[in-house]
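Hi,

Here is the structure I promised to pass on. My notes follow below it.

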Amino acid sequence: GPSSNPTSPPSPQPTTQAPFNPTSSPSLSRFEIAREKISSASSVNIAATDAALAFDGNPGTRWESAHGTENVWLQVDLGDEFLVSEVKISWEFACARKYDIELSTDGV
């Protein structure tokens, strides 16, 4: 019968990534620049769901606005100016149906 000759998988190729340099205006698709930055919200349901939890990097925590409140906002101060090409949001089941993402250099 035919002989089997297993082949080994190809060797992984080295990859390079530019070092993080805030002055080079990195994009959000490459860095989690909002993680653990100063944040605030117009509404919080209870202290255990404070705005800071939206940016702590832990999928087991979350920010939660007061129930039944409309036109709620959440903001984070990135601490510097960045070129933003992507924003990633991890929602839970009870999430906003409509939202806007706004960027500013002065927090207004």
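This is a predicted model: local features need pLDDT of at least 70, side-chain atom pairs count only at pLDDT 80 or more; totals for chains, interfaces and linings use all residues.

Of the contacts between residues at least 6 apart in sequence, 42% join residues at least 24 apart, a contact being heavy atoms within 4.5 Å. Residues are numbered from 1 along each chain as its sequence is written, and side-chain values use heavy atoms, with hydrogens and water left out.

The protein has two strands and zero helices (DSSP runs, E of at least two residues for strands, H or I of at least four for helices, numbered from the N terminus). Buried residues are 12% of the 108 (buried is under 20% relative accessible area, exposed over 50%, partly exposed in between; 1.4 Å probe, protein chains only).

Have a look at S43, in the loop between β1 (39–41) and β2 (74–76). S43 counts as buried because its relative accessibility is 9%. Leaving out residues up to four places away in sequence, S43 touches W63, E64, S65, A66, T69 and V72. A polar atom of the S43 side chain also lies 2.7 Å from the backbone nitrogen of A66.

Then the aromatics: searching the whole structure turns up one pair. The ring centres of W91 and Y99 are 5.4 Å apart with planes at 50 degrees, so the pair is tilted (centres within 6.5 Å; under 30 degrees is stacked, over 60 edge-to-face, the rest tilted; Phe, Tyr and the six-membered ring of Trp). W91 is partly exposed at 44% relative accessibility, and Y99 is partly exposed with a relative accessible area of 44%.

Cheers

Methods:
A polar contact is a pair of N or O atoms within 3.5 Å; within protein, one must be able to donate a hydrogen and the other to accept it, and residues adjacent in sequence count only if both atoms are side-chain atoms.
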